[in-house]
Amino acid sequence: MSRSPPKQPPPPPESFLPVPPATFHILLALADGELHGYAIMQDVAQRSDGAVRLGPGTLYGALKRLLEARLVEEAGERADEGDERRRYYRLTNLGVAVARAEVHRLDAIVRAARRKKLIGVKPA
Amino acid sequence: MSAERIYRLLLHAYPAEFRAEFGREMELVFRDLCRENDVRTFGFWARVCWDILRSAPALRAAATRTVEGPMKVAAIVTVLVGLFGIQGEVREWVAASRQPVGGTYVLSLALGIAATLLLLAAATAILLGTRKAARLALIVSLVCFVVARVLFPWMGIFVQLVGLGLPVALLIALYWPRKASTLGAA
C-alpha cells in the first residue's frame, strides 16, 4: 500500500511581510488576473504614473522568488495575435493572502500617519 | 551589432540557471522595450545597465548560497588541492627545463597543468553556481589527465588518486538529483 507524503501546510502570509516594493507592485498587477512579463511591467508603470519602472532583470528576479515562495504560479504559455508565445503568471491563494496582508499592514501605517496629521491635512 | 544581440550578451551577467529559465522571456520583454523606446539614446542603455546592475549580483549571490554545504566544502578543497598541484607542477617544469628531457614528458607535464587548471576552474564554477560549466571543465580535465597518465605511466599514486578521483567524485555529485530550493520571504 503506497501512501503519499504528508503535504506541508503553507507558511502564514504574515511571514512574508514586509513585501519589497517591486514585488508588491507585481502582486498588485497579478491581482487582476493572468499576465505575461511585459504586461506586468506596463501595468506597474501605468498604475504608478511612470514612477515605478521595472526592468526585465528586476521583474524576472522578483518573479523567480515569487515562484519559489509559491506566491505566484505559471499559467502556461500562449501567443496573442501576431506575437510570439509568452509565459503567463497568476497569483496563488497564498499570493492573494500575502497581498492582502501587506495591504492591511500599509493601511495601518497610513491610518497612524493620518492620526498624527502627517497626511490628510492641508499644509500651512 | 543589434540591440537585441547586445542585450543577449549582457544577460551573461545572470547565473546560467536563471538565464535558462527566464532568458528567452527577458529577451522578448527587451524587444518590446526596444519597440517603444529609442535604443540609440544614452538614457535607454543607462536604464538597461542599471537594471542589470541592480538585479544580477543578488541573483548570483543567491545561486552561490544554493550550492549545498558538502558541495561547497568539496569545491573549496578542490581549489586548495588545485593550487597545491599547480605549485608542484611549476616546480617540476622549472626542474625539467634545466636538464634535457623527452618531448613526451614535456607534453604529459603540460597536460597535467591543463588538467589542474581545469579542476580549479570547475571548483570556481561550482562556487559561482554554474554547474554546466563545472561539468564541462571536469570532463575535459579528466580527459587531459588520462592522456597525461598514458604518456607518463610513472606518475605518483597520490597524483593519480587526486587527478582521477576528484573530478569523478565531483561529476557524480553534480549529476546527483538535487532537492528543490526553499525560499524564505519574497
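## Where chain B meets chain A

In this predicted model, 21 residues of chain B are in contact with 21 residues of chain A. Contact means C-beta atoms, placed from the backbone, within 7 Å. Helix H2 (16-36) and helix H3 (42-65) of chain B each give two or more residues to the side of chain B that touches chain A. H3(B) gives the most, with 9 residues.

That side of chain B holds 14 nonpolar, 2 polar and 5 charged residues. Nonpolar covers Ala, Val, Leu, Ile, Met, Phe, Trp, Tyr, Cys and Pro; charged covers Asp, Glu, Lys and Arg; polar covers the others, Gly among them.

## Chain B as a whole

Chain B has 7 helices and 0 strands. Helices are DSSP runs of H or I with at least four residues, strands are E runs of at least two, and both are numbered from the N terminus.

Chain B has 186 residues, and 25% of them count as buried (20 or more other C-beta atoms within 10 Å of their own). Among chain B contacts between residues at least 6 apart in sequence, 72% join residues at least 24 apart.

## Two helices of chain A

Helix H1 (residues 21-30) and helix H2 (residues 37-47) of chain A have axes that come within 9 Å and cross at roughly 105°. H1(A) is therefore roughly perpendicular to H2(A) (65 to 115 degrees). Axes are lines fitted to C-alpha atoms over the stretch in contact, and angles run from 0 to 180 degrees between N-to-C directions.

H1(A) contributes His25(A), Ile26(A), Ala29(A) and Leu30(A) to the contact; H2(A) contributes Ile40(A), Asp43(A) and Val44(A). These divide into 5 nonpolar, 1 polar and 1 charged.

## Conventions

Residues are numbered from 1 along each chain as its sequence is written, and chains are lettered from A in the order in which they are written. Local features need pLDDT of at least 70, side-chain atom pairs count only at pLDDT 80 or more, and totals for chains, interfaces and linings use all residues.

Terms used. Two residues are in contact if their C-beta atoms, placed from the backbone, lie within 7 Å. A residue is buried if 20 or more other C-beta atoms lie within 10 Å of its own, exposed if 12 or fewer, and partly exposed in between; C-beta atoms are placed from the backbone. Angles under 35 degrees count as roughly parallel, over 145 as roughly antiparallel, 65 to 115 as roughly perpendicular and the rest as oblique.
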